[in-house]
Amino acid sequence: MQEDDDATFVTLIDEDGNEIEMEYVDTIEYDGSVYMVLLSPETADDDGKPVEDENYGLVILKVETEDGEDILVTIDDDNELNAVYEEAMRALFDEDEDDDEDEDDDDGDDVDDDDPDGDEADIKEDEDS
């Protein structure tokens, strides 16, 4: 795996021997199996402008062991693919929410950063009136 800033790239070799570089996103364990979530590279034309490519996007491959070596295989069962996709999205968005919460108040104190002096009082209405 090759790392570039915060991204990690892996080079896969398809059944025809072609090398494909993809960005590693996550590893998901689901229903007793392991899956790798990857992002295919965006293709560009000769001028460097992005080209729409139906193969660009999220790729989920199943990790299987063959002759003692891990290999990545496509998922042929649509139900399995959809279930793993949902699990991957849940994991990715949970990570994003955790990151957002950490960024909201990262100074570690219990003081409301909008009212550091604690002067602002909470006003509650009396329900009897």
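**Buried polar residues and nonpolar cores in a predicted model**

Ser 40 is placed in the loop that lies between strand S4 (33–39) and S5, where helices (H or I, at least four residues) and strands (E, at least two) are DSSP runs numbered from the N terminus. The structure is a predicted model, in which local features need pLDDT of at least 70 and side-chain atom pairs count only at pLDDT 80 or more, whereas totals for chains, interfaces and linings use all residues. Residues are numbered from 1 along each chain as its sequence is written, and side-chain values use heavy atoms, with hydrogens and water left out.

Ser 40 counts as buried because its relative accessibility is 7%, the term buried meaning under 20% relative accessible area, exposed over 50%, and partly exposed in between (1.4 Å probe, protein chains only). The side chain of Ser 40 also reaches the backbone nitrogen of Gly 57 at 2.8 Å.

The protein contains 1 helix and 6 strands, and its elements run β-β-β-β-β-β-α from the N terminus on. Of its 129 residues, 18% are buried.

Lys 62, found in strand S5 (residues 58–66), likewise counts as buried, at 18% relative accessibility. When neighbours within four places in sequence are left aside, Lys 62 is in contact (heavy atoms within 4.5 Å) with Ser 33, Val 34, Tyr 35, Ile 71, Leu 72, Val 73, Ile 75 and Glu 80. With Glu 80, the side chain of Lys 62 forms a polar contact of 3.1 Å; such a contact is a pair of N or O atoms within 3.5 Å, and within protein one must be able to donate a hydrogen and the other to accept it, while residues adjacent in sequence count only if both atoms are side-chain atoms.

The largest nonpolar core consists of 7 residues, namely Ile 28, Tyr 35, Val 37, Ile 60, Ile 75, Val 84 and Ala 88, a nonpolar core being a set of buried Ala, Val, Leu, Ile, Met, Phe, Trp, Tyr and Cys residues joined through side-chain atoms within 4.5 Å. At least two residues of this core are supplied by each of S4 and helix H1 (78–104). Apart from this core lies another, of 6 residues, among them Val 10, Leu 12, Met 36 and Leu 38. Val 10 is found in strand S2 (residues 7–13) and counts as buried at 9% relative accessibility; between Val 10 and Leu 38, which are 28 residues apart in sequence, the C-alpha to C-alpha distance is 8.8 Å.
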